[in-house]
Amino acid sequence: MVLPHSMPLVPLPASAIAGDGRMPLSVTTRVIGDSPAAAQLIDAVLRRSGIHLTSSAEQTSEISLRIDASVAAPEGYTLSVSDTVELVGADEAGLFYGVQTLLQLLRQDDEGWGFVRAEIADAPRFGRRGVMLDVTRHFFDVDEVKKFIDSTSALKFNHLHLHLSDDQGWRIQIDSWPKLTELASSTASLGDPGGFYSKDDYREIVAHAAARHMVVIPEIDLPGHTHAIGVAYPELVEDPVMNDSLIAESERLGQPLPVAGEPYLGWGVGHSSVRIHEERTYEFVRDVVRELAEMTPGPYIHIGGDESLGTPQADFDHFVERATAIVFEEGKIPVAWHEVGAAKDIAEGTIGQYWGKTTPEGSHAAEAAHFVERGGALIMSTADVAYLDMKYTADYPLGLTWAAIIDVRTAYEWEPTSVLDVPDSAILGIEAPLWSETTRSLSDVERLVFPRAAAQAEIAWSARTGPGRDWESFRVRLGTLAPLWKSGQVDFHPAEEIPWSTR
Ligand code: TNX
């Protein structure tokens, strides 16, 4: 028996036994099954190998796909590769993930293309496996977001959080407040061009994600991170509040301080706040939440809540209590950064997103725990291990360093249930955020995301322990993804820790 860690698979499956050699692949291999996953498999094999699986009537081998809810837990599948391929999904998502596994087993050697023979039974550990893309500090267009969905769903991520508003720009069409996109969307960090998604653009992203079993979570960051709202509607936002670290950082980076009503292009945080005691603010929040809810089939709306350093605590509490209630009233479940847990009466069932460190600092752990006390649960975005925008090494050209320097091993070696003092059942899973201050292109984004997103994918999908669930196995398996990324034109950082395969 060959152990799972010698197989070219990330995330590690629940169980995998390698067979002998490969099943050769040719134009006479036929795909049977009417799931969308069958068409996705044919497309992906063609792109990777140039082989068109359905191009011959004279069939020599076959790949069959079907659904049977009894084979695995939701999103799970069984996959048998011998002289034929038999893939059985517990549901459509399971078939999709089985196809991703099969594509990792597709390798080229001197004899040509073939699938590594294996018997696999698989299902995820966590139902929540998320990535976040910040489209505010830099904007990424619909095609770029689609490519990001393709490359992350291939690692079995199933949630895409879009950070749609921040100090530097507003990125989503809202009909009842048209100046948001007319006046506050054209800018981005470092003076780069901005942009926004029309409602049709957004629906196109949501549909592309859904076809790859990813739920989109839109975020409007409130009550801080709202300078751009004030560029469009000055009456909604307070004048900027300076703080010492903002002034010091701006000086160090040579970035001007925020000025009320003018676009802000720097990286400073904590200077903006909507007006808490104006009823108009809540009309705005309700309108935005309602319009977002109408075009978002997923159950969640994220209301932000991080780093509202310019908002007095009592005002902050009052605001987030109302905002979380508004999201429920509009038919969605609120998600919020962990600071929102400082407010006693947040709406029951609000989900918190922890972005503190593996050793929680200050009040972070207590704030996160309060979501659980209020009947909610937590998503772990532990910043010193799971943040995709931190540098790999001190001299890496992209990324920030405030949380940590995160090499691939550091990204891999953490445990989401061991950070906070809450029951394991309160941890829904993880989300790995990519903040885009330093990423001026999708290629920049990809070089920060890959390979570290693969580490987060394994933490979210694979069992906590088991044969192969360790760094030595992971680094070898991770290396086998290089040819897949190269063939998909996905850029990645060729970290020295990893033995990268050439094919
Ligand atoms: C903190 S973590 C932020 C973002 C920045 C990020 C950069 C969090 C919820 N907020 O506003 O972009 O750091 O790493």
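Mentor: Lysine 156 lies in the loop between helix H3 (142-153) and strand S9 (159-163); helices (H or I, at least four residues) and strands (E, at least two) are DSSP runs, numbered from the N terminus. This is a predicted model, in which local features need pLDDT of at least 70, side-chain atom pairs count only at pLDDT 80 or more, and totals for chains, interfaces and linings use all residues. Residues are numbered from 1 along each chain as its sequence is written, and side-chain values use heavy atoms, with hydrogens and water left out.

Trainee: What is the phi of lysine 156?

Mentor: Phi of lysine 156 is near 75°, a positive value in a residue other than glycine.

Trainee: Is lysine 156 buried or exposed?

Mentor: Buried means under 20% relative accessible area, exposed over 50%, and partly exposed in between, with a 1.4 Å probe and protein chains only. Lysine 156 has a relative accessible area of 1%, so it is buried. Glutamate 75, in the loop between strand S3 (61-67) and strand S4 (77-81), also is not a glycine and has a positive phi of about 75°. Its relative accessibility is 13%, and therefore glutamate 75 counts as buried.

Trainee: Which peptide bond that ends at proline 223 is cis?

Mentor: The bond from leucine 222 to proline 223 is cis, with omega near -10°. Proline 223 is placed in the loop between strand S12 (215-222) and helix H6 (227-232). Another cis peptide bond, with omega about 15°, joins phenylalanine 450 and proline 451. Proline 451 is in the loop between helix H13 (442-449) and helix H14 (452-461).

Trainee: Which residues come nearest to the ligand?

Mentor: A residue is near a molecule if one of its heavy atoms lies within 4 Å of it. Of the 13 residues around the ligand, Arg137, Tyr387, Asp389, Trp402 and Glu437 come nearest.
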